[in-house]
Amino acid sequence: MLLVTTYKLDELAAEAGVAARTVRYYVQRGLLPAPEFRGKDTAYGREHLARLRAIKVLQQAHLPLEEIQARLAGAGVDEIERIAAAGPPRAAAAPCPGPDAAPPAPVAGAPRGARWERVEIADGVELHVRSDAPERSRRIALDIESRYATLALKGSR
């Protein structure tokens with residue numbers, strides 16, 4: 001017998017540690033699927049709870065809701081639960097060079113004075129994304145980081 005847990009709005013909000021109003025807002029924005037209607041009540045399930053937890057984790061990494069929505073779009077419940085369990089993605093800031101440090105070498109194709117963001121994938125592995133890169137390029141880097149985090153979790157079991 002398969003036991004399926006369902007939640008009323010207030011129960012889901014309490015379980016996820018958010019306000020009921022936040023749940024409604026996320027449904028309206030498309031971050032959460034609409035709940036099922038059972039008679040006069042709505043019913044939320046495992047996917048709703050997993051998405052709320054993943055959203056919270058990704059917000060802790062200071063990702064905007066648009067980016068969170070893009071990351072979770074089309075993801076299955078198991079993948080969303082892995083994101084929620086992994087914690088916020090690691091992003092390391094570039095160390096501040098000392099006053100005597102040589103300026104960084106220009107990168108081919110980059111405008112002079114371009115700023116770069118570092119995305120740490122693993123110890124000794126990082127991606128560099130120009131701060132004015134198109135949103136698609138940023139999503140690619142964040143997708144690589146997210147996929148690696150998922151693979152790292154699988155490998156640590």
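Select Arg-71 and Glu-67 to begin: the two form a salt bridge, their closest N and O atoms being 3.8 Å apart, where a salt bridge is a side-chain nitrogen of Lys or Arg within 4 Å of a carboxyl oxygen of Asp or Glu. Arg-71 and Glu-67 lie four residues apart in helix H4, so about one helical turn separates them, helices here being DSSP runs of H or I with at least four residues and strands runs of E with at least two, numbered from the N terminus. Both Arg-71 and Glu-67 are buried, on a scale where buried means under 20% relative accessible area, exposed over 50% and partly exposed in between, with a 1.4 Å probe and protein chains only.

The model on screen is predicted, with local features needing pLDDT of at least 70 and side-chain atom pairs counted only at pLDDT 80 or more, while totals for chains, interfaces and linings use all residues. Residues are numbered from 1 along each chain as its sequence is written, and side-chain values use heavy atoms, with hydrogens and water left out.

Next, select helix H3, residues 46–60, whose 15 residues reach 21 Å from the first C-alpha to the last, close to the 21 Å expected at 1.5 Å a residue, the expected span being 1.5 Å times one less than the number of residues. Colour its buried residues, which are His-48, Leu-49, Ala-50, Arg-51, Leu-52, Ala-54, Ile-55, Val-57 and Leu-58. The cover over these buried residues includes helix H1 (9–16), helix H2 (20–29), helix H4 (65–72) and helix H5 (77–86). After H3 comes His-62, which has a positive phi near 65 degrees.

Now show H3 together with H5, whose axes come within 8 Å and cross at roughly 35 degrees; the axes are lines fitted to C-alpha atoms, for helices over the stretch in contact, and angles run from 0 to 180 degrees between N-to-C directions. From H3, Arg-46, Glu-47, Ala-50, Arg-51, Arg-53, Ala-54, Val-57 and Leu-58 meet Val-77, Asp-78, Ile-80, Glu-81, Ile-83 and Ala-84 of H5, contact meaning heavy atoms within 4.5 Å. The residues of this contact divide into eight nonpolar, no polar and six charged, with Ala, Val, Leu, Ile, Met, Phe, Trp, Tyr, Cys and Pro counted as nonpolar, Asp, Glu, Lys and Arg as charged, and the others, Gly among them, as polar.

Stay with H5 and pick Asp-78, which lies in that helix and counts as partly exposed at 46% relative accessibility. Its C-alpha is 8.6 Å from that of Ala-50, although Asp-78 and Ala-50 are 28 residues apart in sequence.

Which residue forms a salt bridge with Arg-53? Select Glu-15, whose side chain meets that of Arg-53 at 3.2 Å, N to O. Arg-53 lies in helix H3 and Glu-15 in helix H1, so the pair ties together parts that are 38 residues apart in sequence. Both ends are partly exposed, Arg-53 at 35% relative accessibility and Glu-15 at 43%.

Move on to Asp-132 and Arg-130, whose salt bridge has its closest N and O atoms 2.5 Å apart. Asp-132 is partly exposed at 47%, and Arg-130 is likewise partly exposed at 21%.

Finish at Leu-32, in the loop between H2 and strand E1 (36–38), which counts as buried at 3% relative accessibility. Beyond its neighbours within four places in sequence, Leu-32 is in contact with Val-23, Tyr-26, Val-27, His-48, Arg-51 and Leu-52.
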